[in-house]
Amino acid sequence: MIGDPVLRLSEVGKGFHGTTVLDGVSLDVPQGQFVALVGPSGAGKSTLLRLVNGMHLPDSGTVRTLGENPAACSRSRLRALRARVGFVFQQFGLVGRLSALENVLMGSLATLRLPRYGVMSYPRALRIRAVEHLDRVGLADRRFQRCDTLSGGQQQRVAVARTLLQSPELILADEPVASLDPAASMVVLEILKRISAEDGISVVCSLHQVELALATADRVVALRGGRLVLDEPAAGLAAERLREVYETARAGSAQAGAGDAQRDGRVGARDG
Ligand SMILES: Nc1ncnc2c1ncn2[C@@H]1O[C@H](COP(=O)(O)OP(=O)(O)OP(=O)(O)O)[C@@H](O)[C@H]1O
Ligand SMILES: [Mg+2]
C-alpha cells in the first residue's frame, strides 16, 4: 500500500545469552529509500538485518517487513517473505566454478524448486532476464566467465544481479563492500543506489566507510552499543558527526578517552 513503510521496527530489543545487543530500536523505512546503516563493530547492524528477514526474532518490540511480522509467520509464510527480501553479503556467496550467468540464474531457485544443471536447463525467459540483470550491473559481456576469475567488485555485482532475479521488494546488504577497494566499493554502492531509485526498492546497507555512506545513501542510521544514536538525511550530514559515533565508542571502550568526550559534553548527557 502506498505510504506504508516497507520496514517498521518498533522498540525492538534483542539479546544473546543474557547480553543485550539491540535496545529499543525504532525505525521506519519507506519504499525506494537507500539507507546506510553504520556503527562500530558489535553495534548490532548484522543482528538488525537478520531481524528484518526473520533469521532472528526479537525479544521485545515488533518487526514488520513488507507488511508481515516474521515472528508470527508460519514456516511457509516466512519462506515466502524471504523470497521477497534480497540479501547481499560481504562474502558474495557465489559458486566459483560456475559462470556469472549461472550464478545469477541460481537466484530463481527458490521459485523453481528443482535442482538445475547448466544454463540451458533454465527456462529461456529466465535466461533473458538474467542477462538483462547482468547488463544492469555492467557485466553482460562477462556472463560466461567463471566467477572465481572475476574481481571482487565484479563478483559482488554478480551477487547483486542474482538478487535482482528474485524481484526483491527490499534489499538487505550486510557490509557488501567490506572486502573491496574504495573504487570498486563505490561502483557497487552506486549500482545499489541506482536500482533503489529506478525500481523503487528499499535498500538497507550496513557499511563502515563514513564517506561512502554519505556519498551514496539517502539516509544514514547509526547504531552504537545496540541503540539508534543518529538517523538523518545524508544530504547535509557532516562526516564529523558520523565519525563521532565511532570515536565515542572507542573512547567508551578505552576508558582513557572518556575525559576528552566529557569535556565537550558528549558522554554523560543521558538525553544525547
Ligand atoms: N548468534 C549470536 N549468538 C551470540 N551472540 C551474538 C550472535 N549474533 C551476534 N551476537 C553478538 O551481538 C553483538 C552484535 O553483533 P552484530 O554482528 O550484530 O554486530 P555488527 O554491528 O554487525 O558488527 P560488525 O561491524 O563487526 O559486523 C556482538 O557482540 C556479537 O558478538
Ligand atoms: Mg556485522
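1. A word on burial before anything else: a residue is buried if 20 or more other C-beta atoms lie within 10 Å of its own, exposed if 12 or fewer, and partly exposed in between, with C-beta atoms placed from the backbone. Helices (H or I, at least four residues) and strands (E, at least two) are DSSP runs, numbered from the N terminus. This is a predicted model, where local features need pLDDT of at least 70 and side-chain atom pairs count only at pLDDT 80 or more, while totals for chains, interfaces and linings use all residues. Residues are numbered from 1 along each chain as its sequence is written, and chains are lettered from A and ligands numbered from 1 in the order in which they are written.

2. Start with α1, which is mostly covered: seven of its eight residues are buried. Those are Lys 45, Ser 46, Thr 47, Leu 48, Leu 49, Leu 51 and Val 52. Just after α1 comes Gly 54, with a positive phi of about 80 degrees.

3. Which helix gives the most to the shell around ligand 1? Helix α1 (residues 45–52) does, with three residues. Around the ligand (a residue is near if its C-beta atom, placed from the backbone, lies within 6 Å) you'll find Phe 16, Val 21, Gly 39, Ser 41, Gly 42, Ala 43, Gly 44, Lys 45, Ser 46 and Thr 47. By type, the shell has three nonpolar, six polar and one charged residue; here Ala, Val, Leu, Ile, Met, Phe, Trp, Tyr, Cys and Pro count as nonpolar, Asp, Glu, Lys and Arg as charged, and the others, Gly among them, as polar.

4. Now the inside. A nonpolar core is a set of buried Ala, Val, Leu, Ile, Met, Phe, Trp, Tyr and Cys residues joined through C-beta atoms within 7 Å. The largest has 68 residues, and Val 35 and Leu 192 have the most contacts inside it. Helix α6 (residues 152–165) gives the most to this core, with six residues.

5. Have a look at Leu 94, in the loop between β5 (85–89) and α3 (100–105). Why does Leu 94 count as buried? Because 21 other C-beta atoms lie within 10 Å. Leaving aside neighbours within four places in sequence, Leu 94 is in contact (C-beta atoms, placed from the backbone, within 7 Å) with Asn 103, Cys 147, Gln 155, Val 158 and Ala 159.

Methods
Two residues are in contact if their C-beta atoms, placed from the backbone, lie within 7 Å.
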